[in-house]
Amino acid sequence: MSIVKLDRVTGGYTRRPVLHDLSFEIKEGELVGLIGLNGAGKSTTIKHIIGLMSPHSGDIQVNGVNFQEDPERYRQSFSYIPETPILYEELTLQEHLELTAMAYGLDQATFEARSEVLLKEFMMEKRLRWFPAHFSKGMRQKVMIMCAFLVNPSLYIIDEPFVGLDPIGIQSLLTQMEVRKKEGASILMSTHILSTAEKYCDRIILLHEGQVRAQGTMDELRSAFGKEKASLDDLYIAMTEDDSHE
Amino acid sequence: MNDLKSIWGKRFYHYMREVQKYMQYIFTGHLAIVLVFAIGAVGYAYSEWLKEISTDFPAAILAAVVIGGALVFSAPVTLLKPADLVFFLPLEKHLPHYVKRALRWSLFSQIPLPIILYIVALPLLSTTNTASTTVLLWLVAFIVVLKWIFVETEFSVHFARSGQGIWRDRCVRFIIAASFIYLWLSPYLYFIVIPAIVLGVYTAYWYKQKEQKPFPYEHFIALEQNRMMRFYRFANYFTDVPHLKGAVSRRRWLSFFMQRPKFGETVSQSFLIKRTFIRTDDTFWLWVRLTVISMVGTYFISIPVAILILVGALAFASSLQLIYALRSSDEFRMDMLFPEPQVFREQAIRQVVRAVQWIQAGLVFIVGIIAFGLSPTVGLLLVVMVIVSEITIRSTKKK
């Protein structure tokens, strides 16, 4: 079953579109990597999926629901980790978790059980009463990650998750992603760390100039580019070279 | 050399455009109305007070303290930017050309406040026969000269000590300025030579201190950033300022106002907005300031109509500015993705503003009872504040 379905989506910030006829699906329990050069349209695609931007044309469905049909049900289905951590400077770590739990309708027992596991995993138990001003960039990112995983939705949308995280933080994030995937959640992850994407993603979507240049498993991408033993780095460079030859 | 001159010119042009952009929101908005009412009420009370004042009122001391206080705050406006730390380094020898223009602008931009206070003090000084017209005319020239020296001195202190001990310096200059103005207005006006000599020595000392140090780029850049941030925070009460980041404090002593989390209920926005109001320094202290002004005005102003206009205008300003501040900018916030209707945030903002405006009205009511006893006027104060706040809350449209 498709958790996310983009059908011929054209959209952008102004009348001039950034995304052109974009179509792809993410299935239940799938980890999909969204890969592309700077300005390829990765963040714009994500903004369209999370409902911060409306497509000029085409349709986006999450769990079979369109944003316009039922915004609350649409939003209930996913949590989002932005590239740059965006926290409330006036809330402590504990209050960020409590706010998220209240907004997504978690009961107290579930909140306490989930937050305990996450705080331990990301080694933040002793910083519950801290304000974001005292956090490093990596810690701020951990707060965003914990809030997203606290909700336990059917879809995670993660934009450049590894920036600023220390190696243990990256490992904890990957562990959490694996666990959630096994439980049936889908993950859309935009990243430039291609070796990690190649290792962990079930499928890759190569985005170029607002269009899907190629998509599929690593083997499918290799055949599409006619490079049998290529790594994702090789395919990425091949995609940009193709473009410069055009 | 010419490069830094033209850099100052370009920066100044962009700075003025930036300031004008926000000023038009500030002065075409509700502040103009509040200012008209507040100045009207205070001006009326002042003129009534002058009618009753005795000639032995210590007007010279009051004028010296107030104008002296306004003169000492002479922070340099340098328009320096973080990148200057790198790009201005090779031009350091030519920096005085840039600084000269910066200090000239600092003087021009800061001189209006002491001059306005001087103009306000004139009727008081004449009514009490404190000084002759010639003496009063000379005073304005002294104010300009003192301000010019203070701008130079404060710049030297920042330069020599990276701002350390700036309050000590301001205290010293306040004593010099206040005694200078007081002596000039007193019968012993030739004694101004004493503070003048002290000021000369003091200024020369800091000038020499400055000469021994390299230009502290980081300190002046931080000073400039803080200054602009203060302006943006003020402008944010009237319009959206996108790049604004306000300071926050825990304020544990007000924790009983911050509701505990209620799981399973849709109260996340109220949980958030209460904390935003109490912990964001700008918003919280803005409300405290306006509440204290209302309370002080109620206690000291003896004309009921003037009090009603003042507290009504301040209740309007307070509720309107709180709504704007709590709505915050259109930048992305995580609660934009919460699975709850958008209207919840607006409802939570109105509830919180209504609650704090009731508290404001209650405090003014208590002060009213202390000042006038239980009278219909005091009851009317409460009614006016609550009604003005409620109408403002209901009628404030989105920016």
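Domain bounds, as used on this tour, come from an automatic or database domain assignment. The structure on screen is a predicted model, in which local features need pLDDT of at least 70 and side-chain atom pairs count only at pLDDT 80 or more, whereas totals for chains, interfaces and linings use all residues. Residues are numbered from 1 along each chain as its sequence is written, chains are lettered from A and ligands numbered from 1 in the order in which they are written, and side-chain values use heavy atoms, with hydrogens and water left out.

**Chain B, by domain**

Begin by colouring residues 57-220 of chain B as domain 1, and 252-328 together with 337-395 as domain 2. The C-alpha centres of these two domains of chain B are 38 Å apart.

**The sheet of chain A**

Four strands form an open sheet with antiparallel pairing, in the order β2-β1-β4-β5 (chain A). Because β2 (19-27) and β5 (65-66) of chain A each have a single partner strand, they stand at the edges, with one side of each left without a neighbour in the sheet. Inspect β1 (residues 2-11) and β4 (residues 57-62) of chain A, which pair in the antiparallel sense over five bridges; K5(A) has Q61(A) in β4(A) as its bridge partner.

**Where the chains meet**

Now show both sides of the contact, 27 residues from chain B and 28 residues from chain A. About 2700 Å² is buried between them, 69% of it from carbon and sulfur atoms; buried area is the accessible area (1.4 Å probe) that two parts lose on being put together, summed over both. On the chain B side, F263(B), L337(B) and P339(B) lose the most area to chain A, together 27% of what that side buries.

**Salt bridges**

Two salt bridges are counted between chain B and chain A, each a side-chain nitrogen of Lys or Arg within 4 Å of a carboxyl oxygen of Asp or Glu. Select R279(B) and E95(A), whose side chains meet in a salt bridge (2.5 Å, N to O). Finish within chain B at R350(B) and E346(B), joined by a salt bridge with the closest N and O atoms 3.1 Å apart; because they are four residues apart in helix α14 (residues 343-372) of chain B, about one helical turn separates R350(B) from E346(B).

Key
Two strands pair if DSSP finds at least two bridges between them. Helices (H or I, at least four residues) and strands (E, at least two) are DSSP runs, numbered from the N terminus. Contact means heavy atoms within 4.5 Å.
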